[in-house]
Amino acid sequence: MELQQLLKECKKQSITAQKYLYDRFAVQLYLVCRRYLKTNEQAEEILHNGFLKIFTGLLQFNYTTDAAFIAWLNKIMINECLMDLRKKNNFLLVTEDEAENIIVDELIENKLNADTIYTLITQLPIGYRTVFNLYCIEGYSHNEIAIALNISGGTSKSQLNKARKMLQQLIVNNESYENRKAK
Amino acid sequence: MKTEKQNNFIKESVTGLQKLPTGFTFNSTAVWQQLENELQPKHKRRWFVFFMAAAVLLLIAASVFLLFQPKNNIKQQQLQASNLSTANSNKPTIKSNKAEKNFNSNNTNKTIETTKKHVTDKPDIEIKKPDSIIGIDENKATVLQLQEPNISTNITMPINNILKNNVTIQKQKVQRFKIMHLNEIDNNITTVQLTKTEIKQLTEFQQNLQIEKQTQQQATENVKQILFFKIKTTNGNTLTDNQ
């Protein structure tokens with residue numbers, strides 16, 4: 001079934017169409033939630049809330065393209081995650097440091113696959129991870145991150161640099177682990 | 001440039017993921033069941049709300065009915081009691097054939113007593129309000145219809161006024177009619193011829209009737225004076241008993 005037709009059926013509150021839409025996007029949106037949240041249970045809870053918002057907000061949504069709809073879904077899920085994080089984590093407590101220059105490893109692309117990158121991102125602390133996700137994957141600017149998390153722009157930059165540094169460290173550790181595993 | 005390239009690589013690899021990486025679990029069916037429960041019961045809840053509203057309305061209606069039902073009975077009882085009290089206090093009362101049937105089975109004569117009798121004699125029968133008289137407020141209640149068609153019906157005075165003003169309801173005399181042809185009417189009229197003695201008798205009868213009426217009026221006036229404790233003096237002034 002085409003996405004546009006599926007959305008029409010969902011707007012009529014057809015439960016089968018809603019189930020079909022859920023099955024189509026559940027894993028993809030779960031991965032988004034899990035990138036931001038610490039545990040699987042938290043991610044499932046936020047996914048549930050997000051889908052409820054999607055089904056209720058679908059009546060006001062005007063379909064243009066598939067990509068626009070997927071972006072809308074992602075945006076809802078990210079907002080749900082940020083709301084949950086704001087409730088549970090006080091981002092103001094994060095100290096503002098000056099951004100450091102990090103040496104970028106050029107060989108990272110050859111060393112890592114998508115699954116490993118995803119797993120390593122989820123191993124970052126909440127503050128680093130949130131800023132890294134918003135900046136590198138969602139494409140937010142530092143100002144937008146500052147507004148979203150209610151922090152300053154400098155804090156966002158420093159958190160991003162720290163996240164990168166830590167990620168590199170994790171990649172190195174993972175590489176050595178993989179080598180040992182291979183031996 | 002290098003960082004941007006790296007960011008793009010990470011973004012593409014992460015967003016391009018279609019399956020869960022190893023070490024992550026996602027209970028899709030449990031999440032859907034929760035969702036389904038919250039999406040479907042809207043109809044059930046709506047139905048439940050309507051059902052509850054209807055039940056509450058029924059309950060209110062029933063309670064209102066039960067609350068107002070006994071009040072009407074009490075008022076009817078009060079009305080009956082007031083009628084009985086008036087009957088006991090020598091006031092002339094409405095008499096119906098039904099009442100006579102109930103309280104005086106031996107009395108087969110169903111005629112209504114004359115006004116003279118009502119005024120002078122004490123009522124020896126306990127009298128009930130006719131069943132067909134329906135009224136809650138005694139002052140506003142009017143006698144609309146009596147069960148038996150022979151009894152006069154067009155009374156628009158309140159019951160209390162009827163009782164106070166010594167008005168009685170008389171049973172109408174049964175008028176008998178004969179069906180005749182129009183031509184026969186003239187013949188009948190012509191055949192009836194009254195003699196002088198008969199005319200005299202008729203006039204005497206009418207005079208007697210007038211005298212009877214006058215005596216009745218005097219009697220009622222006397223009774224009124226007794227009831228209201230007022231004595232009319234010759235000067236036109238009224239005096240009470242205390243005076």
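Colleague: How do I read "contact" here, and how many residues of chain B are in contact with chain A?

Modeller: Contact means heavy atoms within 4.5 Å. In this predicted model, 30 residues of chain B are in contact with 37 of chain A. Local features need pLDDT of at least 70 and side-chain atom pairs count only at pLDDT 80 or more, while totals for chains, interfaces and linings use all residues. Residues are numbered from 1 along each chain as its sequence is written, and chains are lettered from A in the order in which they are written.

Colleague: What area do chain B and chain A bury between them?

Modeller: Buried area is the accessible area (1.4 Å probe) that two parts lose on being put together, summed over both. Here that comes to about 3,400 Å², with 69% on carbon and sulfur atoms.

Colleague: And which elements of chain B supply the side that touches chain A?

Modeller: Helices are DSSP runs (H or I, at least four residues), numbered from the N terminus. On chain B, α1 (2-15) and α2 (28-39) each supply at least two residues of that side. The most comes from α1(B), with eleven residues.

Colleague: Now the cysteines: how many disulfides are there over all chains?

Modeller: A disulfide is a pair of cysteine sulfur atoms within 2.5 Å. The count over all chains is zero. Take A:Cys81: its nearest cysteine sulfur, that of A:Cys33, is 4.0 Å away.

Colleague: Is A:Cys81 buried or exposed?

Modeller: Buried means under 20% relative accessible area, exposed over 50%, partly exposed in between (1.4 Å probe, protein chains only). A:Cys81 has 0% relative accessibility, so it counts as buried. A:Cys10 is buried too, at 2%.

Notes. Side-chain values use heavy atoms; hydrogens and water are left out.
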